[in-house]
Structure formats: structure tokens, C-alpha cells
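Dear colleague,

I am handing over the structure below, and after it I set out what was found. Please keep it open while you read, so that each residue can be looked up as it comes.

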Amino acid sequence: MVKALSRMEYRGYDSVGIATVHNSALIVRKGVGNVSHVNARLSLDCMQGSVGIGHTRWATHGAVNNINAHPHLSCNGRIAVVHNGIVENHDELRSMLIAEGHIFKSDTDSEVIAHILESLPAIDDGNSNIICKAIAERLNMLRGSYSFVALTGDGILLGARYHEPLIIGLGNPSRGNDDDYLLFANECFIASDVLGFIEYTDKAIFLADGEVFIVRGEGHNPRLSIRVCNRDGKVVMKDITQIAWEFADVDKGRFAHYTLKEIHEQRYTISKAFNNDPKRLHLLVDSLVNADRIVITGSGSSHHAALMAKYLFSTICMLNCDAVVASEFMYNMGICIGNGRPILLAISQSGETADVLNAVRLARLNNFKIASIVNSPLSTLARESDIFISINAGPEIGVAATKSFTAQIALLYRISVEIARSKGTNLTLGMESSSIYVEKMLEMEAVISDLAERIKHANNIYIIAKGIHYAIALECALKLKELAYIHAEGIHAGELKHGPLALIDEKSIVIVLNPMDETYNDVLTSAHEAKARGAYIVGVSDSSSSIYDFTLAIPRVDRMLYPLYEVIPLQLLAYHMALKRDCNPDYPRNIAKSVTVK
Ligand code: F6R
């Protein structure tokens, strides 16, 4: 369980807890800190029992403290609950439950679930269907999003999924008879992500929204029975999915951090994303070309990839498109006006980001076709899309997006090439040499570490760029913020003189994205303006200039490809800045990798 929780830490890591059943009683241990710290203090891995639930928390409601850590217990101590999501009407439910005599211990929204389940009838051999229905009825009281798992003092696991992922891994599964749709297994692993159990089994069932499950031992039979019901309490027949074993590759290998390992993996992840499945490419390209409007959306780094997509599709492919940050989609309803065949291209590494899923659902209601670029074909986004294509980057554990971002870009290059081809233009970008150039960028690590040492005390870093490079300026700023906790800002080079120049003085660091393309001269002019105010100038360029105090040399490539090679030294810079400033690059404070809440 402790190992599985470590695998899930990317979803949040401010506190940790486990409940097990021993001698027909629930035992709970929980505390503040990441899995290894809490385990060292509370010996989570020595807890007795053969059934348990665990949780790593990322606080949304209630401070980070021992009491607010999950699992939460019902008043009678017979039900323990772990929950992912937000119960939006928890205040209302809390007042109602307190009026009924329930006593709350924590400030969390999650604890209401333990209390509403307390009044469930006792679960026995014959009443699983009734219990499923009773759970579904209680869940109708909840608004918001949830996936939760509850453990009873009798060692029965039950839970439900609504707008948050929940997957049941099955060890050596088999089916019951056709009438009852029961599943049996030697072992069951319930998690928000296959990473939680992939080391133990590659077979799983994916719960759909509104589905409820019960897992229990079958009398003296050592096997477990698994029953899944819908909201009406009717048993649902679930398909068993075979999961790709490549998900199991989640070790740091020879690297000090996952982030560094993932930056190095770009040697092959970029070309893997580019050389994608021809059938899926064809389907996607066909849909994009035949749409009369394309809207591209994503959050964080995936939004930066969306900005790249907008640039590539409109300049290379002459397609009418717009990019909207996923969390802002609902405030841009103008893009939904009009008939015709609109398409939303949603980009998301995890495929579980709540803001992206909300944008997708809103677009669907407004007659958009949904296409997506994901890293996991098993994700909610992939499942909710009409067409999806995977970047095939393998698991990304470091909280900051690195290899997934460049894989998204590589795939967007490929899609652009295919769109151009479908319109009769034969475009070659020279992606065959990508691994060689990525290798060259990685070889700069010692030089980059030296730069990080020189600028590690900076309080403000500005990254200036024009055109397609602006998305990379934003990405670099995001990496510096989240990995090294430095205030950093991506700025359109031409905008410097319209205000930000007032901030520049001899303490400022200005990174200039300045490859030899049509943006070169104008960006150099802006760099001169910053230099004249005393700024330390870092040039990212394939052409040297005396204006740069430090140069990060990138290869001379097709002008469209520059962003791909610019971003790698900048990822390494953020990583080394993090080390020099004593920050843990894998687990930045206050943020989670998979943001499944609004
Ligand atoms: C930045 C980062 C986040 C994610 C964002 C979207 O390094 O990792 O900004 O890019 O939370 O996540 P996905 O792509 O999973 O939708």
C-alpha cells in the first residue's frame, strides 16, 4: 500500500493516511508530510490487516493537518472513507448531518461521505444489489465531483465514481454467470490511476460516472466478488481492459529525480510522438480539415502547446482556429456561436484535468466534435472524445510537464505536416534528426548548471520572444515558477517597450529567445533595450551576439522546429535553478500533477 501511495503522490502530497481492518475493527494512521516522511513516523507499512484504503491529500477544503488528512471515519468508527474531488454542497450537508446528531472531526468536505454512509444497512451475502441502490440514493445528495472508496469494519470495500477517475485492478479475474454480471478476482486494487497497481496486475475495469461498486470476500472462498451497479442499482456488465505494461516503467533509474529522467527521455519520446499511428493521424487530420472552426484548449503547459498548435495550424495549414485556456472556455461562449461543423481539440497529458473536461463537456453541448491529444488512451478525456491520439510518452511522474510538452509539440508538427499534405503541399521539417539535436541540447547540462549558479539569486526573470516562440517563453516562465519558485514572466518582445521595461534594472535577468528566423532582428532590438537598462542577457540562439552575457546555443534547423530545441535547455535551467535554490524539482510545493478539481 505504501509503495502504491508513493506512485500516486503526483496527485498531491501534503498529507497521507491508511485505514486497515484488523480483528474486525478499523485502524487508522494518518499525518502531515509526504508518503516517505509519514511512513517513517507512523510505520504505515507495518499496519496489520489484509484489506485497507489509503490516500495522499492535496488540500482543497481545510488546512493541511493530521485531522484533515484522509481516511475519515463515521461517528460509529465502522466506516472509513478516502475521497478525491470536491463535494460542493458540503456545508449544507454538514449542517443537516449535525442536526441529525453526527459529530464532525475535520474541516474537510470529504468527511460528509463517511457520515452519509453510516446509515447503510448491514451488508450480507444476499443484499449487495440493495446496498448498491442505497449507496446510489445517498450519493444523489452530493453535488460536485467525487470518487471515493469506503472500508467497513467487516472488511468490505465500496465506492463510487462521479467526474473523478476510479479504476479497479483485478488479480486473476474471472466472470460469474451471465445473469448476475459478477466478477471474481484473487486480488483487487482500487485506484485513481493505473500507476497505483500496475506492478501487480495489468487487468482492470474502468468505472463510469455514477457507477457504484462493492468488493467483498465470498464466505470461505478466498476469491473476492466485485459487483458494479448504475445509479438505479442495476448491475452493470463491465469489460476487463488489458493495460499496456509500459505504464510499469516508473523508476528513476540512474537519475537523481524523475524530472531529470524525463527531460533526458526526450531523446526518444519526441520522435515516438512524431512517428504516430497513421490511422489515428488520418482520422484526426480528416476531422480537422473538414471542420469549419477549430478551437484548441488545454491548461498550463498543455495550453502552451495549444498556443503552438494555433500558430502552426493557422500559418502552415491556413486553417481557421483559436486557442482558449480550458478554465476560460465558459467565458468565451462567442466561439460556440454559429452552425456548421466546429471541432474542439483538447490537449492534456493526464487526460483527467477538470478544467479541460469541463471545457469538453460544454463544447459537446454546443455541437462541437471532440478530438483530443492525450498521454493515456485510458484517461477520461480519451474516453469522452470522438477521436483521440496519444503522444505515447510513457508515464510522467515529475509534477512539471517536460517530456509530455515536447511530445505534444512533436505530434502537432506531424499533424500540421499531414494537414498540409492533405491540401497538396509537401512539407518536410527534418524531424528525422530530432534525436541528434535533442542529444546536443542534453550535452549542454554542465554549461546550464553553470548559468544556474550565476543567476540563482535572481528574484525576477523575464523571457522575451516573438511569434511561435512566445509559447516557449510562457513555458519557460512556468517551469521557473514551479520548479525554482522564481517570479518569471514570458513577454512578447514587442511589448517590452509598452510597459514591462519600467521593471528592468541591473538586477534583472532577461532570457531572449532569438533564433535566426523572421523574429531575429526585432527581438535583438528588444534585447538591446533591456541591456541598456543594465539587465543580464541570456541569449538562446543559433547565432552569437556580443549583446548576450551568456549564450545557450541551439542548432540551426527548419524555422518551425526551433521551439522544440529552445525549450530543452530552458527545462534544464529550471531544474538546475531548483537544485541550487534547494527546491525539490519532482514535488513543487502547493501543486499537484493531475488537477482533477475545478
Ligand atoms: C506545468 C504542468 C501543469 C499542467 C497542467 C495541465 O509544468 O505540469 O501546468 O500542464 O496542469 O495538465 P494536463 O496536461 O495533464 O491536462
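Around the ligand there are 14 residues, and those that come nearest are Ser302, Ser348, Ser350, Thr353 and Glu482; please bear in mind throughout that this is a predicted model. Three of these serines can be described through their side chains: an N or O atom of Ser302 lies 2.6 Å from an oxygen atom of the ligand, a polar side-chain atom of Ser348 is likewise 2.6 Å from a ligand oxygen, and for Ser350 the distance from a side-chain N or O atom to an oxygen of the ligand is 2.7 Å. On its own the ligand has 410 Å² of accessible area, of which the protein covers 91%. Two or more residues of the shell come from each of the elements α9 (300-315) and α15 (469-484), and by class the shell is made up of four nonpolar, eight polar and two charged residues. Because domain 2 (255-427) and domain 3 (435-586) both contribute residues to this shell, the ligand lies between the two domains.

The side chain of Asp193 reaches the backbone nitrogen of Leu195 at 2.9 Å, and, if neighbours within four places in sequence are left aside, Asp193 is in contact with Met8, Tyr10, Arg11 and Ile167.

Methods:
Residues numbered from 1 in each chain as written. Predicted model: local features only at pLDDT ≥ 70, side-chain atom pairs only at ≥ 80, totals over all residues. Heavy atoms only, no water. Near = heavy atom within 4 Å. Polar contact = N/O pair within 3.5 Å; in protein donor to acceptor, adjacent residues only side chain to side chain. Areas by Shrake-Rupley, 256 points an atom, 1.4 Å probe, with all protein chains shown as cover. Helix = DSSP H or I, 4+ residues; strand = E, 2+ residues; numbered from the N terminus. Nonpolar A, V, L, I, M, F, W, Y, C, P; charged D, E, K, R; others polar. Domains from an automatic or database assignment. Contact = heavy atoms within 4.5 Å.
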